[in-house]
Each structure stands twice: as structure tokens, then as C-alpha cells.
Amino acid sequence: MTLFTMITGLLLMLLGGIGYYIFQIFSVLIPFVFGFIILLGGIFSRNEKNKRTAIHITVVFVLLGLIGSRSGIAHFPGLLSCAEIATCDVAPRPMAELFKAFMFMILFPHFVASIRFFIKARMSK
């Protein structure tokens with residue numbers, strides 16, 4: 001779970017960093033911030049003493065990220081049908097919605113894996 005958490009954090013940081021580098025839009029840095037926090041949670045969870053607390057705090061941030069980025073998934077099919085996403089009129093801020101959708105797609109597998117991890121840990125006790 002620790003490695004998966006760190007990879008998720010790095011993917012979000014990469015998404016936000018590349019998005020800002022290409023488009024120079026501050027709202028695409030939101031995945032970078034969430035990725036940094038999740039990466040820190042993964043790093044802190046490497047210590048067996050802090051593992052439980054770090055993973056729980058990380059899952060809270062993953063859940064907050066999922067809640068905040070869920071609107072991007074609703075606009076995602078419409079954005080894919082546009083010839084040019086930057087000028088698409090499907091969403092008020094199409095680039096932000098696109099990056100929200102990508103953020104959701106990165107966070108959702110981590111959330112599912114976290115639930116499975118917690119269930120497995122609970123069943124082993």
C-alpha cells in the first residue's frame with residue numbers, strides 16, 4: 001500500500017506539473033498539491049510505527065480529492081467529443097474540468113485499494 005500511495009502521489013504531481021508547464025493555468029496545480037500531500041503520506045507510512053496513521057490521513061486527502069474532482073468526470077465525455085478542448089463550450093472552464101477528470105481517474109483506484117487494504121487488515125485481526 002505504501003508503494004501504491006507514493007506512485008499515486010507522484011502521478012498527481014506529474015499531472016499538475018506538466019499541466020502547469022504546458023498551459024500556465026494555476027488551477028491545474030491542484031493535483032500537484034494533492035499529489036505532494038499523498039506522496040508525503042506514502043513516505044511517512046514506510047515507518048511501521050506511523051503506517052496506520054499516515055495511511056488513514058492519506059485516505060482522507062484522497063477522499064477530499066475525489067469529492068473535489070468528481071465534476072470533471074461528468075464533463076469528460078463531452079470534452080473528448082470536442083475538436084479542441086481549450087475552446088470547448090461543454091464546460092465553463094474546460095481545461096480545469098479535464099484535469100479534474102484525470103485527477104479523479106488517478107485517485108479512484110487508490111481509494112478502492114485503500115478500502116480493500118483496510119478490510120484485509122481488519123479481517124486479519
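Q: What counts as a pocket here?
A: On a 1 Å grid over the protein atoms alone, a pocket is an open set of points where a 1.4 Å probe fits, with protein on both sides within 12 Å along at least five of seven lines, and its lining residues have an atom within 4 Å of a point. This is a predicted model, in which local features need pLDDT of at least 70 and side-chain atom pairs count only at pLDDT 80 or more, while totals for chains, interfaces and linings use all residues. Residues are numbered from 1 along each chain as its sequence is written, and side-chain values use heavy atoms, without hydrogens or water.

Q: What volume does the largest pocket have?
A: The largest pocket has a volume of about 270 Å³, taken as the space filled by probe spheres set on grid points that are joined across faces, edges and corners.

Q: And which residues line the largest pocket?
A: Its lining is made up of Glu48, Lys51, Arg52, His56, Phe117, Phe118, Ala121, Arg122 and Lys125. Two or more of the lining residues come from each of α3 (51-80) and α4, both helices, meaning DSSP runs of H or I with at least four residues, numbered from the N terminus. The largest share, four residues, belongs to α4.

Q: Switching topic, how many aromatic pairs are there?
A: Searching the whole structure gives five aromatic pairs, where rings of Phe, Tyr and Trp (its six-membered ring) pair if their centres lie within 6.5 Å, and planes under 30 degrees apart count as stacked, over 60 as edge-to-face and the rest as tilted. In one of them, tyrosine 20 with phenylalanine 26, the ring centres are 5.4 Å apart and the planes stand at 35°, so this pair is tilted.

Q: Is phenylalanine 26 buried or exposed?
A: Phenylalanine 26 is exposed, at 61% relative accessible area, whereas tyrosine 20 is partly exposed at 24%; buried means under 20%, exposed over 50% and partly exposed in between, with a 1.4 Å probe and protein chains only.

Q: What about phenylalanine 23 and phenylalanine 99: how are their rings set?
A: Their centres lie 6.1 Å apart with the planes at 80°, so the pair is edge-to-face. The two belong to distant parts of the chain, 76 residues apart, with phenylalanine 23 in helix α1 (residues 2-23) and phenylalanine 99 in helix α4 (residues 94-123). Phenylalanine 23 is partly exposed at 36%, while phenylalanine 99 is buried at 8%.

Q: Which residues form one aromatic cluster?
A: That cluster is formed by Phe23, Phe99 and Phe102.
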